[in-house]
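Hello,

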Amino acid sequence: MKKLVSLVLALCMLLSVVAVASAEDKVVINVWRKTFNLAQPDQEQVKKVEAAINAYIADKANVQIVLTDMAGEYEDQAKLALANNEIDLLWTASWESIIGTNDLVPANAVADITDYLPGTALYGSMSEGQWEATKYNGRNYFIPVYKDNVEGYDFMFRKDVVDQYGWDISTVKTLADAEPMLIQAKEGGLKYPYLTQKTSMFYRWNIDKFDFFTADASTNFFAVDRATNEVVNVLATADYVDFCKLMGKWGEMGLIHEDDWTKVTTDTTTQSQDWAMSWWTDIPVNAEANARYGQEVVMTPATQRYAHSTSALGSCYAITTTDEAKIKAAIDFMGLLYTDSKLADMYTFGIEGEDFTYTQEEGQTIQHVTQTSEKYNHSMWESANATIVTPLANEPDNKADLYDAFNGGALTSCAAGFRFDKTPVEAEYAACQALFDQYGFVLENGGVPADAVEDYIAQYQADLDAAGFQTCLAEFQNQYNTWKAQ
């Protein structure tokens, strides 16, 4: 009996050692993501979600994640962490500032994963076309989130305001059409009749006329004119002058509040009852906005939808480590995230019973999600693929099919496939980009009175030229013409 007990104890000790060794053998990857739905995530809850994810994937992959989730300071902090090699897997986007896709590739800050992808669950989680559409120089550097991978925009209104005044928003075809409605909202006491969300909107409202192939609002002075298929200086167009004059007029009228051009508004101002009209990136299920903003909103189209060089990178991940073991572990983790619905829901919504619940209403054929947390709250578009994340309570059962149809129904831009290599003019490009906040941002958010716009643009152009703008423009034109001739 004593020998038997000793043997059992020895076996227990051995199993304990094996378990510890197994946990220690896990490849640890640092995952950074941004939160858009909360002013600040609750870090204690983030760690609970991290622990729940690690427990769930323990027997599915040889990987363990350390999750960092932050809000407004994300870009600056991520840039610093990247410089210190503290990030292995990073959420980013083509439109992101500082750490966007167009920043990471030229800086050699993102791993080339082309040769790691074939045969993996991650690669098989979406069509080959998605991987092709997101290549740089024929190589894969990014893992796209399969969502609304084309680009188009809507005018968005708070429904209770529309109902209050009896507006017919279908009559709003251009920004100027909304002016009488915004005046009513102003007279009704709303602080932000037109909320720009401190966003430079010329880029977005004018994609029917221009392909802004830099995918960066801070260099929206370079674009392809769709009518001529030529690279142009946008600042020299009547479209830009007229837009800035309208914004300046609205600023003077109080239809745009100075909080937008002084960057006082936040990502959560849209969750307030202080605005009437704003903007929305068109998606297959626009009702998703209701959950994001905590109130009912309604949309009307502002532009058509386009597939272009960066539209599939509107939300994506970058592997930013050079450690081969971590690269493979990150691909394994992403493969699970993009194919396992339970993991995708945890990563997006948090912990069931704490951050969200599953419900199935009459007439629904599958379970849906109701988010209940103010501690951990994300959306599908910045988390995992539309085909795998459970639909929200107000979304249709066939959400995945709607995304396929939506992406397939877009126009293909004349510049689709072209990516500008700024290396030959990197210094001049950066110098021009630095001037945008001083001039372009204020112009496009109503901070310059209408009668001062033309002089302000002239000074903007003069300073850009002194910074090397014409050299950049010529390089853009040369590269684009070479690409067209291929």
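A question to start with: over the face of which residue does Arg 305 lie? The ring belongs to Phe 406, and Arg 305 lies at 4.0 Å from the ring centre. Please keep in mind as you read that this is a predicted model.

**Sheets**

Let me begin with the sheet of four strands. This sheet is open, its pairing is mixed, and its strands come in the order β6-β10-β5-β11. The edge positions go to β6 (192-194) and β11 (297-301); each has a single partner strand, so one side of each is left without a neighbour in the sheet. From one strand to the next, the twist averages 35°. Within this sheet, β5 (residues 153-158) and β10 (residues 275-281) run antiparallel and are joined by five bridges. If you want a residue pair to look at there, Phe 155 in β5 stands opposite Trp 279 in β10. Helix α8 (residues 179-187) packs on the sheet and touches β5, β6 and β10. The direction of α8 makes about 175° with that of β6.

There is also an open sheet of three strands, ordered β7-β8-β9, and its pairing is antiparallel. Here β7 (210-211) and β9 (230-233) are at the edges, and because each has a single partner strand, one side of each is left without a neighbour in the sheet. Four bridges connect β8 (residues 222-225) with β9 in the antiparallel sense. Across that pairing, Asp 225 stands opposite Glu 230 in β9.

**Aromatic pairs**

The count of aromatic pairs comes to 41. I picked out two of them for you. In one, the ring centres of Phe 210 and Phe 212 are 5.7 Å apart and the planes stand at 55°, so the pair is tilted. Phe 210 has 2% relative accessibility and therefore counts as buried. The value for Phe 212 is 3%, so Phe 212 counts as buried too.

The other pair is Phe 222 with Tyr 429. Their ring centres are 6.5 Å apart and their planes are at 15°, so this pair is stacked. What does the pair tie together? Phe 222 lies in strand β8 and Tyr 429 in helix α16 (residues 426-435), so parts that are 207 residues apart in sequence are tied together. Both Phe 222 and Tyr 429 are buried.

**Salt bridges**

Side chains of opposite charge can pair when their charged atoms come close. Across the whole structure, the search finds 23 salt bridges. One of them is between Lys 34 and Glu 75, where the closest N and O atoms are 2.7 Å apart. This pair links distant parts of the chain, as Lys 34 is in strand β1 (residues 27-34) and Glu 75 is in helix α3 (residues 74-83), 41 residues apart. Are these two residues buried or exposed? Lys 34 has 7% relative accessibility, so it counts as buried, and Glu 75, at 8%, counts as buried as well.

Lys 34 also meets the side chain of Glu 96 in a salt bridge, at 3.8 Å from N to O. Again distant parts of the chain are linked: Glu 96 sits in the loop between β3 (89-92) and α4 (101-104), 62 residues apart from Lys 34 in β1. With a relative accessible area of 4%, Glu 96 is buried.

As for the bridges around Lys 34, they share partners and join Lys 34, Glu 75 and Glu 96 into one network.

Methods:
Residues are numbered from 1 along each chain as its sequence is written. This is a predicted model: local features need pLDDT of at least 70, side-chain atom pairs count only at pLDDT 80 or more; totals for chains, interfaces and linings use all residues. Side-chain values use heavy atoms; hydrogens and water are left out. Two strands pair if DSSP finds at least two bridges between them. Helices (H or I, at least four residues) and strands (E, at least two) are DSSP runs, numbered from the N terminus. Axes are lines fitted to C-alpha atoms, for helices over the stretch in contact, and angles run from 0 to 180 degrees between N-to-C directions. Contact means heavy atoms within 4.5 Å. Rings of Phe, Tyr and Trp (its six-membered ring) pair if their centres lie within 6.5 Å; planes under 30 degrees apart count as stacked, over 60 as edge-to-face and the rest as tilted. Buried means under 20% relative accessible area, exposed over 50%, partly exposed in between (1.4 Å probe, protein chains only). A charge sits over a ring if NZ of Lys or CZ of Arg is within 6 Å of the ring centre and within 35 degrees of the ring normal. A salt bridge is a side-chain nitrogen of Lys or Arg within 4 Å of a carboxyl oxygen of Asp or Glu.
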